Amino acid sequence: MNRGGRHFSNQNHNYRGRGGGRRGGRGGRNRNNNHSGFQTFSNHPNDNYNGWSNGDAFHMIESSGSPSSTSFTVAVQGCSHGELDSIYEALEAYRAGKQSSSIDVLLCCGDVQTLRNTDDFHSLNVPPKYKRIGDFHAYYSGQKVAPILTIMIGGNHEASNYLQELYYGGWVAPNIYYMGAAGVINVCKKTSSSSVSSLRIGGVSGIYSPHHYKLGRFEVPPYGQSELRSVYHTREVEVKRLEALASMTQRPIDVFISHDWPKGIYHHGNVNQLLKKKPFFQKEVQENSLGSPANEQLLLLLRPRYWFSAHLHVKFSAEIRHTNSDDKPKRSASSSVTATVQEQNTEKTATTEFHGMEPSDGNCPDSNSLTDQMTRFLSLDKCLPKRRHIQILHVEPSMTSRRSTENTNAEVANKPWIEYDLQWLSVLSRTHEWTQLTRSPVNLTNEITSVTNEQIKQLEESLKATRNGGCADNPLSIPLNFSMTVRPFDPSSPRQSYNAPPQFGNPQTDEFLSMLGLSHRITVPYNNASAHDERNLKKLLRTSLRPSQVNINKQRAADDDNEIDLDDDDTDANEAKMDSENLVDPCEIEIESEEDNGEDDVCFVPKKPKI
């Protein structure tokens, strides 16, 4: 049934369009893969890969670049939607099949769905038929350990109550690190007896909504129906903090990850191919309204060498050539979110020019062809069989330094580790008052906040003097201080809790704020007794969610392709009045199978059937 939006029809196949319906509803699913312009995978030449018969599921993993003694092997994942087992198994099968060295880091571009137990369903904004427990709880409980250092940002389908505990970032599970609402960290690895390579990674969580962009972080669990959506909307506070890095003259951002696309990026790749795959994007592409204007501004200011995104469930790449001007643009977020990058032409501007350089195979070009004034954009699909949701890249870091790492625990095992970024910590410290628990717009300064080298040096000396963990030689090493704050899901238990939990603190956030000498503003201190006291659990608010509405099994819904709505949740003025039947957004998307472009450099990895 069509519940809003424009109709695209061809051969009697209807689409729910994006942009024309109530609250900008997104398009629908093609239920016949023989639709004109689409190609099925049923006769793909690699369907018999490794002896697997035609029709068996497999992952399609593409790679680009060549490894070197200093490069990082980076795996990028689009939307995960709770399928961590499948992702890790696919990467291990790829590594074994290629007989290659280990992958240094996995970057997850949102919608990881870090559900710890069934209570967390109350903080996950998806239709009831998609409420399944997924794989994450096993990594949270320690039953499984992520085999690859994993770094994630949040999307619009998350256990928002858990991620809100870690607003500044932290370990959501052993070896799985969340970058927070926004953040910058450094992935490091030893490249010789006295050298360490460092990959600087920035990220911003959530999706853009003009209705909440300038507001404070007012959402507190248990969430109301409106807060269930607004909690994952990106705020101007986080964007302004990231913008501040552009005025600093030290290291560039090597890789930036977001869930939402930067607005306008589609005009500068192969837009015809994009619209052939997703015709229901046409209206927003023509109006240049698809994507995040905040991310567009970050792209212009930060100029990372790579930018990875997800959210729209399609693989798409583009190349951005920035100007050679020594002065980077310094427009503030408050004024720039209404500005647009160059439209569908490729004329030079004062800031950035874009070129539609996507090769016919859709691969992201390697770092050998990159310069300091170029950004390669790549968005990936979601984790489903026969989808292009993983890409392997060999990325050269912007910095290799000579320093001792004798006391670094991760180095002993010859594995990568992560460190705080001094510039980012300095910006957080200087803008701490911006973090406000308010529904009102946050009053930000008009000028981009800058941090002097002297202030950064003072912070470094302070960390050396005050940090209890790590060692004096490496005060920036992020401690391995994960701890469970709630009971994990127990699949063997016949009875599960379906309560909406209140706000909890997290000891990692306590330690982080103490390290910087800051106070809690939108988070709360962790209270172990309060979190686990049975008397406190009785106070949890019960809602209308019932066990029958939740699929706690690991199997997907039988009546679909595990599609999930992309809903950008652009709320209107009446959102607060929505009743319970509108908890599920009617503007849901179910996307058809992607067109096969016949890539040559594709590894088809058989996917193990789930039991």
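The protein contains 15 helices and 19 strands, where helices (H or I, at least four residues) and strands (E, at least two) are DSSP runs numbered from the N terminus. This is a predicted model, in which local features need pLDDT of at least 70, side-chain atom pairs count only at pLDDT 80 or more, and totals for chains, interfaces and linings use all residues. Residues are numbered from 1 along each chain as its sequence is written, and side-chain values use heavy atoms, with hydrogens and water left out.

Of the 611 residues in the protein, 60% are buried; buried means under 20% relative accessible area, exposed over 50%, and partly exposed in between (1.4 Å probe, protein chains only). The accessible surface comes to about 23,800 Å², of which 46% belongs to carbon and sulfur atoms. Accessible areas come from the Shrake-Rupley method with a 1.4 Å probe, and for residues only the protein chains shown count as cover. Among contacts (heavy atoms within 4.5 Å) between residues at least 6 apart in sequence, 81% join residues at least 24 apart.

Helix α5 (residues 236-244) is largely enclosed by the rest of the structure, because nine of its nine residues are buried.

Not counting residues up to four places away in sequence, Phe 308 touches residues including Val 76, Leu 107, Phe 256 and Leu 393.

The structure holds 16 aromatic pairs. Rings of Phe, Tyr and Trp (its six-membered ring) pair if their centres lie within 6.5 Å; planes under 30 degrees apart count as stacked, over 60 as edge-to-face and the rest as tilted. The pair of Phe 136 and Tyr 140 is tilted, because the ring centres are 6.2 Å apart and the planes stand at 40°. Both residues lie in helix α2 (residues 136-141), four residues apart, about one turn of the helix. Ring pairs link Phe 136 and Tyr 140 with Tyr 162 and Phe 482 into a cluster.

| Residue | Relative accessibility | Class |
|---|---|---|
| Phe 136 | 1% | buried |
| Tyr 140 | 1% | buried |
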